[in-house]
Amino acid sequence: MESYNKYENNWDTSLFDCMADKRICLYSLFCSCCQGAYLLSALEGHPCGVQDGLKLTFCSLCYFVKIRGEVRKKYTIDGSIFIDLVTLMFCPFCAVAQTTRQYEIKEAPVGMHMTKT
């Protein structure tokens with residue numbers, strides 16, 4: 001029998017599960033550049049610094065597409081750069097929250113407090 005994943009594209013949570021983790025939801029909504037900077041630094045394997053924040057502040061869409069693509073690649077999630085771009089253009093906060101949840105499910109908490117509640 002073929003295995004069935006609840007979400008067709010293999011993300012562990014749906015794009016619209018924003019409220020699944022209220023902490024991630026709030027950071028993604030009110031401080032998405034900070035959340036993205038923490039994700040970027042975690043994926044690149046270094047402590048979050050000012051340069052990460054500046055990258056996300058001045059070229060946020062480019063870096064969020066990069067981050068989402070790296071998370072997809074790392075966890076072998078179906079998709080493409082085009083899908084990432086469209087998702088981030090039409091539902092940016094949901095996409096940031098989904099990407100953060102995926103990373104935290106597979107790795108460790110990322111964000112301003114670095115702990116799960």
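Okay, let's start with Ile67: setting aside neighbours within four places in sequence, Ile67 is in contact with Gly36, Leu39, Leu40, Leu43, Leu56 and Thr99. Contact here means heavy atoms within 4.5 Å. Bear in mind that this is a predicted model, where local features need pLDDT of at least 70 and side-chain atom pairs count only at pLDDT 80 or more, while totals for chains, interfaces and linings use all residues. Residues are numbered from 1 along each chain as its sequence is written, and side-chain values use heavy atoms, with hydrogens and water left out.

So where does Ile67 sit? Along with Phe64 and Leu88, Ile67 is one of the residues with the most contacts inside the largest nonpolar core, which has 20 residues. Helices α2, α4 (60-74) and α6 (92-106) each give two or more residues to this core. By core I mean buried Ala, Val, Leu, Ile, Met, Phe, Trp, Tyr and Cys residues joined through side-chain atoms within 4.5 Å; buried is under 20% relative accessible area, exposed over 50%, partly exposed in between, with a 1.4 Å probe and protein chains only.

Now over to Ser41, in helix α2 (residues 32-44). Why does Ser41 count as buried? Because its relative accessibility is 4%. Beyond residues up to four places away in sequence, Ser41 touches His46, Pro47, Cys48 and Asp52.

Zooming out, the protein has six helices and zero strands, with helices (H or I, at least four residues) and strands (E, at least two) taken as DSSP runs, numbered from the N terminus. Of its 117 residues, 41% count as buried. And among contacts between residues at least 6 apart in sequence, 65% join residues at least 24 apart.
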